[in-house]
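My entries follow in the order in which I made them.

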Amino acid sequence: MITVAVSSNDGERRGWRAAAEEALYGPEGFYRRPEGPAAHFRTSVHASPLFAGAVARLLCRVDRLLGRPAELDFVDMAAGRGELAGGVLAALPGEVAGRVRVHAVEIAGRPAGLDPRIAWRGEPPERICGLLFANEWLDNVPVDVAEVDRDGVPRRVLVGRDGTERLGEPVAGEDADWLARWWPLPAEPGLRAEIGLPRDTAWARAVSRLARGLAVAVDYGHVSGERPWYGTLTGFRDGRETAPVPDGSCDLTAHVALDACAAAAPAGLTGARVLTQREALRALGVTGARPPLTLASERPADYVRALARAGQAAELTAPGGLGDFGWLLQPVRLPDGAEVLPDTAGGAGLFVDVPDDEEH
């Protein structure tokens, strides 16, 4: 990680990247707390087991495209307390479950009672053949924040442990290059951006470990032309959104520039796509369609269960909510023309077209 130099008259203020790194992942960091992130915010994994079931179906599709290898990997990045890894394993058909190697990647210690078939690790395997799935991982990769000063110059925002901010030096070097390409700021005082270069690097590093298969990143995100004017940095504590304070008491998160991550894939990789979660889950069979009323009189218990599933599916695909998450898909050495997630009737979502001659 980059260490941000802070002059003596700044006290303990430093760039948001360094402050969030310590607050989230340091010895007393938020993600090392015993209650786990589920006590503070609700992801798609926690909303419904339908999500894990859909990821299991995605893994089965990748398995078929790979020719059903003797060993199939499922890598759950930022695994929390292993909820998704366990849910996917439980949802797999027996024949696939017998070949799969499940890896939960998380900074915290292995939780008690986790299925012994799940390997708990601090880094993904060096060589992956299968599906690497990163649900709400990139939004927690710390980034610096830039803000335009009164002279129209983007400057790095410095923050204290109590959340108070001031402007530091002008953004320079590769961070300035990233802003110019991916999030150019007009010369209007107060406009802000999150400098996503560390996320591009983290995503490229993760994808580089995939020998064959599919890498998926799921997060609230945005693409060029749709960037928020004042950034998205925020905090979550006890199930509520709160002011971002880098003291370890809350989650610190910011939306992801998914198109920049897509373009950062290792050289030679093409075919990156960004869909909405609504489109991705519908392509995997998750819809909010209500069961027919005739089922209520014929098999009332089945009707109640089907109605509950429809409600859960509606939450996972809801506009303005979880359905607006972006799914960044990066295939690696899959058969030419293979479609793991074919386009749905709604179109290709936030399609990302990365030029073949792009420099990475």
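**Entry 1: strand 17 and its partners.** I looked up strand 10 (residues 210-219) and found that it runs antiparallel to strand 17, with seven bridges joining the two. Strands here are DSSP runs of E with at least two residues, helices are runs of H or I with at least four residues, and both are numbered from the N terminus. Two strands pair if DSSP finds at least two bridges between them. In this pair, Val216 stands opposite Leu329 of strand 17. Strand 16 (residues 273-276) also pairs with strand 17 in the antiparallel sense, over four bridges. There, Val274 is opposite Leu328.

I then asked how many of the seven residues of strand 17 (residues 326-332) are buried. Six are, so the strand is largely enclosed by the rest of the structure. Buried means under 20% relative accessible area, exposed means over 50%, and partly exposed lies in between, with a 1.4 Å probe and protein chains only.

**Entry 2: what I am reading.** This is a predicted model, in which local features need pLDDT of at least 70 and side-chain atom pairs count only at pLDDT 80 or more, while totals for chains, interfaces and linings use all residues. Residues are numbered from 1 along each chain as its sequence is written, and side-chain values use heavy atoms, with hydrogens and water left out.

Entry 3: I traced an open sheet of seven strands in the order 4-3-2-5-10-17-16, with mixed pairing. Strand 4 (118-121) and strand 16 are at the edges with a single partner strand each, so one side of each has no neighbour in the sheet. On average, neighbouring strands of this sheet are turned by 20° against each other, direction ignored. Strand 5 and strand 10 are a parallel pair with eight bridges. Asn135 has Val218 of strand 10 as its bridge partner.

**Entry 4: helices on the sheet.** Helix 3 packs on the sheet and touches strand 2 (72-77), strand 3 (100-105), strand 5, strand 10 and strand 17. Contact means heavy atoms within 4.5 Å. The direction of helix 3 makes about 155° with that of strand 5. Helix 4 packs on the sheet as well, touching strand 2, strand 3, strand 4 and strand 5, and its direction makes about 150° with that of strand 2.

I also looked up how the two helices meet. The axes of helix 3 (residues 49-65) and helix 4 (residues 83-91) come within 8 Å and cross at roughly 60°. Axes are lines fitted to C-alpha atoms, for helices over the stretch in contact, and angles run from 0 to 180 degrees between N-to-C directions. Among the residues making the contact are Phe51 and Leu59 of helix 3 and Leu84 and Val88 of helix 4.

**Entry 5: two positive phi values.** Most residues other than glycine have a negative phi. Glu136 is not a glycine, yet it has a positive phi of about 55°. It lies in the loop between strand 5 (128-135) and strand 6 (144-148). Arg333, also not a glycine, has a positive phi of about 55°, and its place is in the segment after strand 17.

Which of these is buried or exposed? Glu136 is buried, at 15% relative accessible area. Arg333 is exposed, at 59%.

**Entry 6: the chain.** I noted eleven helices and 17 strands in the protein chain. Of its 360 residues, 52% count as buried.
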